[in-house]
Amino acid sequence: MPSFDEVLKEAGEFGRFQKRVFFLLSQTGITFSSLFASVVFLGRAPDNFWCRIPGAAELSERCGWTLEDERNFTVLPLHLGNESVSGECERLDVTWDTSVSCTSPLARYGNHSTGSLPLATCHNNWVYEQPRSSIISEYDLVCGNAWMLDLSQAILNLGFLAGAFILGYAADRYGRILIYLLSCLGVGICGIIVAFSPNFTVFLIFRFLQGMFGKGTWMTCYVLVTEIVGSDQRIVGIVIQIFFTLGIIILPGIAYLIPTWQGIQLAISLPNFLFLLYYWVVPESPRWLLTRKKGEKALKIMRNIAKHNGKFLSPHYSEITISNEEVSNPSFLDLVRTPQMRRNTLILMYAWFTSALIYQGLVMRLGIIGGNLYLDFFISGAVELPAAFLIIVTIDRVGRRLPFAMSNIVASVACLITAFLPEDIPWLKTTVATLGRLSITIAFEVVYLVNSELYPTTLRNFGVSLCSSLCDLGGIIAPFLLFRLAAIWLELPLIIFSILAAVCGLLVLLLPETKGIPLPETVEDVEQL
């Protein structure tokens, strides 16, 4: 009986069929990255808002004030009395009623200067010039509630984390394509509910669920693409990252054209329903079917692949070698039970954590310099495009391990240099920091490929999902690490990033080289790498 890789070679390792499936599944990267980075535009800071004095709404209606008139009567006197008070989080501790003059609402307070009038903290009484522009104005995430915006992103990352465990496990037990399609349906439904959430609690609940299903779509499509191509073509795992970057580049254009956060949310959620059509064109992974003792179904799919690739399988291919490894429901213990698996798992978990932490940290660091949000975001995404091309050029020539290590080392050096460059040459600091961003992007993309190549088929989806869950943990920690350490010393986060990347660069040298090696089918195959 031939092995799966022998059958795949005869059917075509990357023919017309695989190219079509690859292109279709790659679109998932665009929607996932849009969800991943959407908080930047869903949570845009409102241009202008202020705290409304009790009774101001009724008085404004009686007097025929415009919003600008109301703001002038509310905020301007407050600012004249105390220049440090903006009127956004505090207001004059007064109440306007029908006896108040429309032309001089503060006249009743006689000769008191506005500076001597008491102040009160604002609670749920804000007015926004553009009330539907972001979730900040929708749910009053300002002043004392500003931390809730960070919470919304942390909840999304928690959803990614849950998806990595729950749906990673489910994909190894119930199949890649089934979990992919269910995840696409979940992302679409939850995305619609998020857009029309009546309150912030409902928003958070379904943002968590959207994150969970979103992680299911991304990880499952990635593994599925990797499993249907030959060992010499697994670089498609890097190419698929380009579509993730395309999503980052497209997102500011969507946000620029759509003025409301609900519109943006729907624009990045609804396309997931189109992926349900893949039910008729994307098959189950034949590798996975073999591990579940479904050799006949796997062979039927392989014959279909050969037909679409213009090839024909030999008649003696009546069945394919099935792994003798006992199939069981995967668990974390399976990933650390044997020496090589344990070493690979621990190093990959650290690599995922480091890549995500530094990547998001550098993105946010570039974002705090101000400027045009749409243009800055577009440029920061475009910087990532060369990463995939650099990997494609080098990875099949020199292997996986060296680019993986060098990208982390270069990121480490770039962060360290940036930290000690003088402030009077900002262009140079930005350039070196961008080099660090490019390098850590390369590391981020290589870890996807290496992770899928270092686990056997029976544990691949679960292993990739579990290790990549450390990416989500890094994403949760990154904003707190960046802003808290920056409050002590602005460049301190870069020092931490440099240390983390240097350690990662050394550790990944301990991983086995997987260039040109067939995907391992069993734990024993991994131990022999």
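User: Quick one to start: is Glu453 buried or exposed?
Analyst: Glu453 is buried, as its relative accessible area is 2%. Here buried means under 20% relative accessible area, exposed means over 50%, and partly exposed is in between, with a 1.4 Å probe and protein chains only. Bear in mind that this is a predicted model, where local features need pLDDT of at least 70, side-chain atom pairs count only at pLDDT 80 or more, and totals for chains, interfaces and linings use all residues. Residues are numbered from 1 along each chain as its sequence is written, and side-chain values use heavy atoms, with hydrogens and water left out.

User: OK, and which side chain does Glu453 meet in a salt bridge?
Analyst: That's Arg400, at 2.8 Å from N to O. A salt bridge here is a side-chain nitrogen of Lys or Arg within 4 Å of a carboxyl oxygen of Asp or Glu. Glu453 sits in helix H21 (residues 426-453) and Arg400 in the loop between helix H19 (385-398) and helix H20 (401-420), so the pair ties together parts that are 53 residues apart in sequence. Arg400 is buried too, with a relative accessible area of 2%.

User: How many salt bridges does a search of the whole structure find?
Analyst: Five. One of them joins Lys215 and Asp472, at 2.8 Å from N to O. That pair links distant parts of the chain, with Lys215 in helix H10 (residues 200-227) and Asp472 in helix H22 (residues 460-488), 257 residues apart. Lys215 and Asp472 are both buried.

User: What about Asp172, which residue does it form a salt bridge with?
Analyst: Arg176, and their closest N and O atoms are 2.4 Å apart. Both Asp172 and Arg176 are buried. Salt bridges with shared partners also join Asp172, Arg176 and Glu227 into one network.

User: Switching topic: how many helices and strands are there in the protein chain?
Analyst: The chain has 24 helices and four strands. Those are DSSP runs numbered from the N terminus: helices are H or I with at least four residues, strands are E with at least two. Of the 529 residues in the chain, 56% are buried.

User: And how many residues has the largest nonpolar core?
Analyst: It has 130 residues, and Leu25, Tyr180 and Phe404 have the most contacts inside it. Such a core is a set of buried Ala, Val, Leu, Ile, Met, Phe, Trp, Tyr and Cys residues joined through side-chain atoms within 4.5 Å. Helix H17 (residues 339-367) gives the most to this core, with 12 residues. Domain 1 (1-40 + 142-320) and domain 3 (330-528) both give residues to this core, so it lies between them. The domain bounds come from an automatic or database domain assignment.

User: Which residues does Phe404 touch?
Analyst: Leaving out residues up to four places away in sequence, among them are Ala351, Ala443, Val446 and Leu511. Contact means heavy atoms within 4.5 Å.
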